[in-house]
Amino acid sequence: MARPPLAIYIHWPFCRSKCPYCDFNSHVRERVDERVWTSALLADLGRQAALVPGHEVVSIFFGGGTPSLMPPDTAAALIERVRRHWPAAQDLEITLEANPNSAEAERFSRFAAAGVNRLSLGVQALDPAALRFLGRGHDRDEAIAAIELSHELFPRSSFDVIYARPGQSLAAWRAELDEALALAGEHLSLYQLTIEPGTAFHTRAERGDLTVPDEEHAAALFEATQERLAAHGMPAYEVSNHARPGAECRHNLVYWRYQDYLGIGPGAHGRIARDGTRYATRHRRLPEAWVGKPEFEEVLPVARESAVEEMLMMGLRLAEGVSRARLEALAGRSVEELFGGALPRLVDGGFLALDDARLAATAAGRQRLNAVLAALLG
Ligand SMILES: C[S@@+](CC[C@H](N)C(=O)[O-])C[C@H]1O[C@@H](n2cnc3c(N)ncnc32)[C@H](O)[C@@H]1O
Ligand code: SF4
């Protein structure tokens, strides 16, 4: 039997400064004891290796926070340890999220030497005023230089851009998107700005001095994005992710296909199947809390109904949708029985597509995924 695929997420929770829109588990600290962090991450990996022996590792993803601030030797040690614990896929994907500051770009070659073969750059905007608005520590020229360097040093790379920013017109976004496409390799992540509770933007929005585009304008920006990228040969394979066919991020595909992954480091989540049951694992979120107590904070079996929900919430993000056979095996019922009258209504409305093999959200459905899920699961 084929070995089950496994993805490994490793969280580095530190950043140089906190961006005003960001609610990720990222923290600014004056000093980080890199030796302590390296050994804690290696120990976490070792403990979790015992849970899923014999899987085939298809991806390692260093996320954050800002993992490009991590010592490259730490990344090398973690990669080496993963290879010791599991057989690795021939085309093992090893991604590092990086900020495009020139200081960090100087270290990119050391990450490439450590084994990183895919760089994901947090460019966020190519417009200088937007970069200032987003509180980024880099300017436009640094972003462009970092993208160019990523093409030289890494076989695969991608960058993130945030759109639907306050006051952003359709024409301005189209122009920025064209610039991004001219710089891009085979993958781009394009996120609509969301205002998350607990962020500086949230406080400003509550005060009324920050307004994001209304639903209609946001929809127009989303549609323009879909069209432009598809015309460029990089269709959306997920709500916010675009790639040439074959260049999709394999790591994120593991999440969205609801396969097994380990979460290493503070706040990291995992999902693993053992003896027919899926388990959800969770670590303490605060860096100091985790490093002091790096064993799981929680390991819970996922009830069948919740697993069905999770598979749908993940899978309907993807253009390919979810496998009907897998969903029905998990649910113990047919898709028609599972969703009743909501299903034909959503199919007739043009939000879902269903055939013998797959249930998928259409582009219109992916744009309103929360409403589609609420209708299906409600
Ligand atoms: C963990 S961060 C990326 C890594 C790196 N720290 C950076 O900022 O360059 C993941 C990505 O999520 C996106 N993101 C974070 N908060 C967002 C928000 N409120 N709205 C839209 N996109 C957001 C950004 O594009 C960001 O690059
Ligand atoms: S967007 Fe990136 S750099 Fe900014 S606070 Fe979040 S994780 Fe850190």
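Contact means heavy atoms within 4.5 Å. Keep that in mind for the tour.

**Before you start.** This is a predicted model, where local features need pLDDT of at least 70, side-chain atom pairs count only at pLDDT 80 or more, and totals for chains, interfaces and linings use all residues. Residues are numbered from 1 along each chain as its sequence is written, chains are lettered from A and ligands numbered from 1 in the order in which they are written, and side-chain values use heavy atoms, with hydrogens and water left out.

**Stop 1: the whole protein.** Show the cartoon. There are 17 helices and 15 strands. Both are DSSP runs, numbered from the N terminus: helices are H or I with at least four residues, strands are E with at least two. The C-alpha trace spans about 55 × 55 × 40 Å along its principal axes. Of the 378 residues, 50% count as buried. Buried means under 20% relative accessible area, exposed over 50%, and partly exposed in between (1.4 Å probe, protein chains only).

Stop 2: Now select helix α1, residues 34-49. In soluble globular proteins, nonpolar side chains tend to be buried together.

Zoom in on I8. Leaving aside neighbours within four places in sequence, its contacts include L45, V57, F61, W86 and H251.

**Stop 3: P13.** Where does P13 sit? P13 is in the loop between β1 (5-12) and α1. Is P13 buried or exposed? P13 counts as buried, at 0% relative accessibility. P13 and R285 are 272 residues apart in sequence, and 9.2 Å apart in space, C-alpha to C-alpha. Not counting residues up to four places away in sequence, P13 touches N25, S26, H27, W37, G65, P266 and P287.

**Stop 4: T281.** Select strand β11, residues 277-282, and find T281 in it. T281 is buried, with a relative accessible area of 4%. Which residues does T281 touch, not counting those up to four places away in sequence? They are A268, H269, G270, R271, F296, E298 and V299.
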